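Thanks for asking me to look this one over.

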Amino acid sequence: MASEGPTTEEAVRTALLLLPRLVGRAKKIPVPESLRGFSLAPRHLSLLSYLLFDGPMTVNELAARLEVASTTVSLMVGDLSRRGILTRTEDEQDRRRTIVSIAAAYHTDVEGWLATGARAWRTALEPLTPAQRRMFLDTLRAYEREVEQERGPG
């Protein structure tokens, strides 16, 4: 009977060899000229991705999606707002809330920057069934949790 896929050890070996290449290639996606001087970190990229794909939202909504404390997101938003990358506006429905969005001057550059990765993921994920995509994403999340657990606090 033919094997339906790699053993766990074969898959671990392949993943350990593949992941550094994926990260290396992702790091080579050029940062737009307008954003190069800002020293943006991966956490900034995640925040910008949510704002680009899901639209403007509050700091609390961003914190929930990023799975970090609101104070952490508030500091990032403050920093990026001072640099002009993000804008903060008063919520018309509830003036106590502030809505965060990508500044118009940077929107096209952020969109172009993230488009390369989005196209690659779309090409890779499109042929999969919804159940296969769910399994793939669940596997990535499980890996992330395990690595974080191994690292320990701090």
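1. A word on the basis. This is a predicted model, in which local features need pLDDT of at least 70, side-chain atom pairs count only at pLDDT 80 or more, and totals for chains, interfaces and linings use all residues. Residues are numbered from 1 along each chain as its sequence is written, and side-chain values use heavy atoms, with hydrogens and water left out.

2. The chain as a whole. The protein chain has six helices and three strands, in the order α-α-β-α-α-β-β-α-α from the N terminus on. Helices (H or I, at least four residues) and strands (E, at least two) are DSSP runs, numbered from the N terminus. The C-alpha trace spans about 65 × 35 × 30 Å along its principal axes. Of the 154 residues, 23% are buried, where buried means under 20% relative accessible area, exposed over 50% and partly exposed in between (1.4 Å probe, protein chains only). Of the contacts with a separation of 6 or more, 50% come from residues 24 or more positions apart; contact means heavy atoms within 4.5 Å.

3. Helix α2 on its own. Helix α2 covers residues 42–54. Its 13 residues should span 18 Å at 1.5 Å a residue, and the end C-alpha atoms are 18 Å apart, so the two agree; the expected span is 1.5 Å times one less than the number of residues. Just after α2, G55 takes a positive phi of about 85°.

4. What is buried in α2, and what covers it. H44, L47, L48, S49, L51 and L52 are the buried residues of this helix. Their cover includes β1 (57–58), α3 (59–66), α4 (70–82), β2 (86–90), β3 (98–102) and α5. As a reminder, an α-helix has 3.6 residues a turn, so residues three or four places apart point the same way.

5. How α2 meets α5. Helix α5 (residues 104–125) packs against α2 at an angle of about 100°, with the axes 10 Å apart. Axes are lines fitted to C-alpha atoms, for helices over the stretch in contact, and angles run from 0 to 180 degrees between N-to-C directions. The two helices are therefore roughly perpendicular to each other (65 to 115 degrees; under 35 is roughly parallel, over 145 roughly antiparallel and the rest oblique). On the α2 side the contact uses L45, L48, S49, L52 and F53, and on the α5 side H107, V110, E111, W113, L114 and A118.

6. A histidine to look at. H44 lies in helix α2 and, at 4% relative accessibility, counts as buried. Leaving aside residues up to four places away in sequence, H44 touches S39, M76, D79 and L80.

7. The aromatic pairs. Rings of Phe, Tyr and Trp (its six-membered ring) pair if their centres lie within 6.5 Å, with planes under 30 degrees apart counted as stacked, over 60 as edge-to-face and the rest as tilted. By this rule there are two aromatic pairs. F38 and Y106 have ring centres 5.9 Å apart and planes at 75°, so this pair is edge-to-face. F38 sits in the loop between α1 (8–27) and α2, and Y106 in helix α5, 68 residues apart. Both F38 and Y106 are buried. For W121 and F136 the centres are 5.6 Å apart and the planes at 50°, so this pair is tilted. W121 belongs to helix α5 and F136 to helix α6 (residues 130–151). W121 is partly exposed at 46% relative accessible area, and F136 is partly exposed at 29%.
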